[in-house]
Every structure is written in C-alpha cells, then in structure tokens.
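Visitor: Please take one part of this model and go through it closely. Then place it in its chain and in the rest of the assembly.

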Amino acid sequence: MSDIAIVGIGEVPTARMPERTHWDIIFDTCIEAVEDSGIGKDEIQGVISVAPLGQPVIAGELAYGLLPERLGLKGVRDSAMVNAGGASTSNALRLAEQWIASGVADSVLVQQVTVHSTMPVAEQIEVFARAGIDMQWEYPYGTTYNIIMGLLATRYMYESGARPEEMASVVTALRSWAEHDPNSLFYGRSAPSVEQVLSSDMLATPLHKRESNVLADGGAALVVVSAERARQLGGPAAFKLGESARYFGGTCLEREFSTMAEGWRVTGEEALARAGVAREDVDLWNVYLAYPLAHPMMAESLAVAPPGQGARYFAEGRMSFGGDIAWSTIGDAPGRGHTGSGVGTACYVETARQLMGRAGKRQVAGCRFAYQNSAGGSGFNNIASIWGREA
Amino acid sequence: MTKPLPEVQPWTGAFWDGTRQGKLLVQVCHSCTARIFAPRKLCPECWSSDLGWIESAGRGTVYTFSTAYSMVEPAFADDLPFTIAYVDLAEGIRMMTRIVECDPAELAIGMEVDVVFHARGDVRLPYFRPARNGAADE
C-alpha cells in the first residue's frame with residue numbers, strides 16, 4: 001500500500017555551463033515539475049531542497065527559505081533543506097512523506113541544484129577530499145574520494161578475482177545508457193570501449209580516468225503528493241511502495257565489505273517484502289553508487305548476478321542498453337555526469353520517468369516496478385526503495 | 001604548499017605525543033578489553049571511559065591500497081605518486097596510512113609492513129614500509 005507518489009518531474013540537461021546560474025536552473029526545473037504535475041503553483045504547500053555539496057552560498061539561500069518567495073509559491077506553509085550526502089534525496093522524499101501524512105502539506109516540491117563549473121578545479125578536488133573524510137585519521141595522508149574508491153576496488157578485485165577488463169566494462173555499460181539520455185553530459189556520444197577505459201590515465205590504482213566521474217552542473221525537481229491525490233489527478237505517477245535502510249559506518253576504514261554487501265542484500269529484500277513485490281517482478285534496477293566499480297558488488301547483493309559473477313555480467317553486456325537486464329538507465333554518475341548530491345535526485349526522476357512510460361529510447365518495456373537506492377558519503381548507508389506505476 | 005596536520009581532539013593528544021617519541025599507541029578499553037581505532041573519548045563498544053594505551057610492535061599487514069598518480073589536492077601534488085593503504089596491526093586495529101620505500105608494482109594485499117615515522121611540522125605521522133628480515137623492531 002502506497003502513501004505517496006511522484007506526479008511531476010522537471011530536469012535540465014547535465015552540462016558544464018558556467019553561464020547557467022543556480023537560480024536559472026531552479027526556475028527551469030521547479031516550474032517544469034509543477035506544470036508537469038497538473039497542480040497549480042499556489043497549491044504547492046511544501047518545498048524541500050536537497051543540500052548542494054560544497055556550494056555554501058546557494059546552500060544558505062535554500063536552507064533559509066528563499067525558494068518559495070523567488071518562485072512566487074503563495075501557498076507554501078514550510079520550507080527546509082536536508083543533507084545526507086548522496087542519500088539526501090531519499091531523505092527529502094521521506095520528509096515530504098511525513099509532511100503529507102501529518103497534514104503539514106498536501107503537495108511538496110523537492111528540488112536539487114548543483115553548479116560545479118564555476119568552482120576552480122582545486123576547490124572541486126578539495127570539496128570531494130573533505131566530504132565525510134576523517135580530518136585526523138584520513139585527510140592528513142592525502143586521501144581523496146578517488147583514492148577511497150581505489151582502496152575499495154583493490155580489495156574487491158582481490159576477493160572476487162574480477163579482472164580489470166571486467167571492471168572497465170561497467171563504464172561501457174553505464175555510458176551505453178547515457179548515449180541515449182538527452183539530459184546526459186554524454187548524450188549522443190558513443191560509449192568508450194573497455195580498451196579505451198583501460199588506456200586512459202591511471203588516477204588512483206586501479207581507478208582509471210574513465211572510471212572516475214566528470215563533474216558537471218545540473219538540477220532536477222519532483223512534485224510529491226499522497227497516493228490518494230495522485231489517483232485523483234489521474235495522470236501517470238510513480239508510487240512509493242516500500243523502503244528499507246541500513247547504516248554501515250562513517251569512514252570506510254571501519255566498514256567490512258561483507259557488512260556492506262550484506263546490508264545491500266537485506267535492504268533490497270526488506271524493501272521488496274514491504275512493497276509486496278517479488279524480486280522477479282522488478283523491471284528496472286535503478287542503482288545509484290556514484291562510482292562504476294561498486295556496481296558488480298551491488299548486482300551480486302541484489303541477486304541480479306550470481307555470487308562472484310557481477311563484473312562478468314557487465315562484461316557480457318547484459319546491463320548495457322539493449323541488454324536483458326535494465327540497470328541504471330541514466331548510467332549513474334559515470335553516465336549522467338557527476339552533480340554531487342544531484343545524481344541521486346536524477347535517479348529518482350528517472351525511476352518516475354520510467355514508471356510514467358516517458359523514458360524515450362531508454363524506456364523499459366512495460367515497466368511496472370523499479371528498485372531505486374541511494375547511499376551517502378563513501379557508502380555510509382544504503383536506502384533501498386521499491387516504486388510502482390500503480391498504488 | 002603546507003600540508004594539513006591531523007585535527008587533534010582532547011583525547012588523542014597521547015597518540016600524537018607517542019608518535020613524536022617513535023611509539024605507535026593503540027587505545028584499549030579496560031572495561032571490555034576492546035582495541036579501539038580511531039581513538040575515542042568513550043569506548044565505542046561499551047561506553048566506558050576507563051581507557052588507556054598499549055604500545056604496538058609496529059608491524060602490520062596491508063588490507064588494501066591505492067597508489068595515486070593525479071587529481072589530489074595541491075598540497076599533496078609534490079608527493080605524487082603516493083600510496084594510501086589500510087594496514088591491519090598485529091594488535092587488532094586497522095588504520096589508514098601511507099606505504100613508503102616500496103615500488104607500487106611490488107605492493108600486494110597481505111604484505112607485511114613496519115611502521116616508520118614521518119615528520120610534518122611538529123607532528124610525526126605513522127607511515128609503513130615493507131618489513132625487513134622479519135624483525136619488527138629493526
């Protein structure tokens with residue numbers, strides 16, 4: 001039984017466009033989402049922003065309620081910002097759910113905006129070097145997110161026996177979806193081959209340049225209402241059916257792989273059970289992990305691939321555009337372009353788009369149920385949710 | 001460019017005093033015998049404040065590692081390439097560190113390593129290098 005539904009979505013193409021300001025993006029995404037929902041602008045009663053990472057000015061403006069005023073949303077009763085890194089959008093949707101359940105708001109606008117292109121490169125690196133990194137026991141050694149992902153990948157490859165070619169094929173798979181995504185930084189560009197991935201510069205072993213992410217600008221918005229209101233509106237909608245979460249540890253130093261893998265498995269199973277959906281009935285696994293190298297491990301945890309076979313499944317093209325498993329149909333951050341906490345928002349927009357039947361060339365035929373997860377920091381948690389096109 | 005120093009907390013001063021003296025200290029809980037890393041104000045297992053320190057023999061094994069070649073903060077650019085690792089100490093804790101005096105191509109998970117202290121300002125950071133002759137105290 002569903003309590004809330006997404007009834008409107010808005011999104012701008014992910015790109016490096018310094019002339020496109022934060023507010024320029026906010027106007028476009030929010031107005032598109034509200035118009036898409038069929039709800040009048042003054043009927044929006046709540047606004048929740050997903051905290052933008054490393055952008056203190058816009059973060060302050062959004063946290064302190066400037067958005068409803070700027071957009072002329074006359075019916076808004078409250079405004080807030082939520083932050084759990086990459087897991088922020090899941091929490092924004094939970095807060096929307098609470099506002100709707102408690103009567104604070106009937107309809108809630110959730111939005112995210114990120115502009116990386118006006119930040120100097122050194123500042124971009126610093127933001128990602130400090131986000132969730134322990135300032136006493138990690139940072140002084142010179143670590144970064146790329147290095148942390150390198151540490152994880154080194155160990156995963158040691159334990160699973162996955163070969164570099166198989167790991168590189170995850171990039172090829174994710175980018176194959178991006179090629180057909182008009183809102184991707186890589187729209188219309190051929191996915192790189194395994195050879196091209198492996199011949200790109202080494203950033204932090206075993207992570208090559210093409211196995212990391214390109215920072216870009218973007219934004220997206222969603223309109224959330226009660227499931228009952230969504231049915232009354234009568235248009236296509238994405239209903240939230242079930243959710244589950246686990247916390248693993250703030251620094252990956254104290255996180256065993258087995259704990260994460262088990263948590264990914266348990267949250268998936270619990271979310272499915274709460275939704276009353278069988279695993280075989282999931283049409284889309286819209287996985288969010290930011291870096292490609294964690295995808296094989298997730299595929300195994302979700303039993304989409306057998307144990308130890310996750311990387312091979314990607315290498316065989318099964319998760320690619322045209323393959324037999326619909327997986328991360330915007331290609332996660334490697335496919336979309338990395339917009340910080342915005343990649344999670346973009347994933348929810350894609351889940352709603354697929355369930356609404358509006359994903360164009362990427363449309364999963366007959367998409368009824370989708371798995372959507374999010375995770376924060378270097379993987380401190382996993383929030384699994386199941387969405388359906390009917391309540 | 002100045003490299004960052006550890007942001008010391010009131011209960012971690014002893015650890016950094018130890019490294020200045022060439023000692024690698026491991027925090028222990030006297031109530032539940034837990035070995036603790038990173039050091040805490042209270043034991044993360046039982047919340048006891050009855051905590052103390054033991055001196056590590058300085059030997060560990062590499063749990064995982066990554067060698068950085070680019071895209072690090074400007075303050076660390078002159079160190080490139082450098083290797084970050086998690087090392088499991090014989091005393092039962094795992095810490096982030098750097099591996100030095102080792103060709104990245106020779107590095108492997110499970111490799112035995114010994115602590116070697118590296119000065120930065122008035123702090124000495126515990127780095128590790130491949131173990132020699134099987135003696136931790138060489």
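Guide: In strand S3 of chain B, B:Ile54 is the residue that faces B:Val26. The model is a predicted one, in which local features need pLDDT of at least 70 and side-chain atom pairs count only at pLDDT 80 or more, while totals for chains, interfaces and linings use all residues. Residues are numbered from 1 along each chain as its sequence is written, and chains are lettered from A and ligands numbered from 1 in the order in which they are written.

The facing pair belongs to an antiparallel pairing: S1(B), residues 25-29, is joined to S3(B) by five bridges. Strands here are DSSP runs of E with at least two residues, helices are runs of H or I with at least four, and both are numbered from the N terminus. Two strands pair if DSSP finds at least two bridges between them. The sheet of chain B that holds them is open and has three strands, in the order S2-S1-S3, with antiparallel pairing. Its edges are S2(B), residues 35-36, and S3(B), residues 51-55, each of which pairs on one side only.

Another cis bond links B:Leu80 to B:Pro81, with omega about -15°; B:Pro81 is in the loop between S4 (59-68) and S5 (82-89) of chain B. Further along, the loop between S6 (94-99) and S7 (112-120) of chain B holds B:Glu101. Its phi is near 55°, positive although the residue is not glycine. B:Glu101 has 12 other C-beta atoms within 10 Å and is therefore exposed. The cut-offs are 20 or more other C-beta atoms within 10 Å of a residue's own for buried, 12 or fewer for exposed, and partly exposed in between, with C-beta atoms placed from the backbone.

The C-alpha trace of chain B spans about 45 × 35 × 25 Å along its principal axes. Of the 138 residues in chain B, 30% are buried. Contacts in chain B between residues at least 6 apart in sequence join residues at least 24 apart in 52% of cases; a contact means C-beta atoms, placed from the backbone, within 7 Å.

Between the chains, 32 residues of chain B are in contact with 28 of chain A. On the chain A side, the elements that give two or more residues are H5 (121-130), H6 (145-160) and S5 (202-204) of chain A. H6(A) gives the most, seven residues. By class, this side of chain A has 15 nonpolar, eight polar and five charged residues. Nonpolar covers Ala, Val, Leu, Ile, Met, Phe, Trp, Tyr, Cys and Pro; charged covers Asp, Glu, Lys and Arg; the others, Gly among them, are polar.

Conventions:
Contact = placed C-beta atoms within 7 Å.
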